[in-house]
Protein chains: 2
Amino acid sequence: MEESDNLFPGVRIVLVETSHPGNIGGAARAMKNMGLTELVLVNPCDFPSDKALYRAVSAEDLLGSARVVTTLDDAIGDVGLVIGTSARDRRIPWPMLTPHECGVKVNQHAIKNAGVAILFGPESRGLKNEDLHRCQFHVNIPTGKAYTSLNLAMAVQVICYEILKAKLDQATATHHAPSHEDSNWDLPFADATAMEHFYVHLERTLTDIKFHDPEVPKQLMTRLRRLFNRIRPDQMEISILRGILSAVDRLGDKKTSK
Amino acid sequence: MEESDNLFPGVRIVLVETSHPGNIGGAARAMKNMGLTELVLVNPCDFPSDKALYRAVSAEDLLGSARVVTTLDDAIGDVGLVIGTSARDRRIPWPMLTPHECGVKVNQHAIKNAGVAILFGPESRGLKNEDLHRCQFHVNIPTGKAYTSLNLAMAVQVICYEILKAKLDQATATHHAPSHEDSNWDLPFADATAMEHFYVHLERTLTDIKFHDPEVPKQLMTRLRRLFNRIRPDQMEISILRGILSAVDRLGDKKTSK
């Protein structure tokens with residue numbers, strides 16, 4: 001694969017527990033057509049596979065360089081922006097993107113080299129809620145009412161098409177909404193691993209101070225994840241938040257040590 | 001097939017001399033996903049076919065109702081707008097549409113009930129020049145340079161997606177992000193007063209737990225304000241955050257009261 005084949009360094013497509021190898025091949029072809037080359041497979045059911053090669057046609061190099069991992073953490077731990085594809089309405093609304101907005105956001109973020117992962121779930125049931133809660137945004141591909149379930153590789157095609165389109169549109173226009181994600185933010189974003197460590201720390205501290213009962217969690221941690229994922233903290237901010245939790249921990253320690 | 005499954009009466013997808021029946025099935029699924037149901041096949045190499053049914057999944061009704069004809073005239077003779085998909089640069093420049101423009105044009109035209117046909121050529125070589133010259137417009141799906149040849153069903157997916165998207169964009173007068181800042185969020189936002197009370201509480205608690213010194217504040221509160229203002233918390237979220245602060249306060253009270 002040529003370096004220049006990859007128009008989107010740091011932007012990876014993550015297929016989670018894909019059942020049909022043909023879909024992996026079809027997704028690889030769709031990616032390469034649109035200038036993306038970084039494919040990560042989390043626990044694929046059947047890979048490598050001749051069926052994948054057959055559907056990939058001239059994108060077989062993407063299958064050869066695909067990274068196969070066993071946990072979602074291995075797939076997204078080092079990236080700054082995680083977007084999950086979601087067909088269903090969820091109980092707790094999550095910041096949603098249209099595919100077009102997803103394409104724009106990926107391009108804005110990719111400029112900063114902070115890494116982007118776009119997650120696609122298994123064919124039969126989509127991403128699990130706990131995987132969706134790892135995402136800052138969900139993206140939903142619109143459909144008619146008669147048949148709402150897109151083929152997996154088709155979904156990859158639509159999203160990758162919007163990513164390329166946004167890049168081409170950028171080249172010709174200069175209009176997009178200024179936000180802290182765009183231009184001159186002073187520090188890099190916390191990556192997904194740092195966010196996960198923060199959530200673990202947060203849950204432990206909230207449990208210690210008896211605000212949260214892991215046995216009767218209700219939706220507390222889900223709501224807090226949704227809340228802090230919306231911030232997309234930078235590295236100093238996540239240090240401050242961790243520092244506050246540690247100060248609370250010390251307070252609790254002093255109390256119990258007395 | 002229900003009448004209402006067809007969001008685009010009079011808009012037909014025409015596949016010319018398709019080689020692989022799997023692509024016919026994949027195209028049918030992509031169409032039905034996007035609310036299109038009128039499929040016309042000009043001299044398909046292998047149809048009907050189990051491979052087409054397999055790939056169509058729940059769009060097999062589209063295959064059942066597909067019209068199979070032997071000439072392009074039979075396929076497009078009665079429509080008012082013919083658009084041809086074209087990957088290659090042609091010798092004679094033709095009015096070109098992007099997929100987005102194609103979607104808009106199809107919707108504009110469909111309102112007039114004059115019929116629209118979108119032509120897709122054979123997998124190996126695309127539409128013949130004489131077929132392309134039957135078209136008012138050509139539409140080209142952008143690609144990266146490394147691999148420019150889309151799978152046929154994928155091309156149908158992208159074009160049908162843009163047709164549905166244009167219809168949905170029409171429907172929503174103001175087309176912007178369905179983000180958490182819109183009306184479909186589950187709860188109203190905390191107002192400015194609630195935010196200010198939260199910041200006062202936050203600063204007091206952080207001072208109590210010795211994380212913050214109001215005499216040597218540095219930029220801590222500024223950074224925290226910037227951080228929480230980015231969230232735009234809803235009313236339940238601000239209650240949760242206040243609740244956490246109160247739990248920390250109680251912990252401190254117990255400590256000092258001992």
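Predicted model: local features only at pLDDT ≥ 70, side-chain atom pairs only at ≥ 80, totals over all residues.
Residues are numbered from 1 along each chain as its sequence is written, and side-chain values use heavy atoms, with hydrogens and water left out.

Chain A is divided into domain 1 (3–172) and domain 2 (192–253), with bounds that come from an automatic or database domain assignment. The C-alpha centres of these two domains of chain A lie 28 Å apart. Where the domains touch, 19 residues of domain 1 are in contact with 11 residues of domain 2, contact meaning heavy atoms within 4.5 Å.

Together the two domains bury about 1,300 Å², of which 54% is on carbon and sulfur atoms; buried area is the accessible area (1.4 Å probe) that two parts lose on being put together, summed over both. On the side of domain 1, the residues that lose the most area to domain 2 are Ile92(A), His133(A) and Arg134(A), which together account for 40% of what that side buries.

Arg134(A) also forms a salt bridge with Glu196(A), with the closest N and O atoms 2.8 Å apart, and the rule (a side-chain nitrogen of Lys or Arg within 4 Å of a carboxyl oxygen of Asp or Glu) finds one salt bridge across this interface. By class, the side of domain 1 that touches domain 2 has 10 nonpolar, five polar and four charged residues, where Ala, Val, Leu, Ile, Met, Phe, Trp, Tyr, Cys and Pro count as nonpolar, Asp, Glu, Lys and Arg as charged, and the others, Gly among them, as polar.

Key. Chains lettered and ligands numbered in written order.
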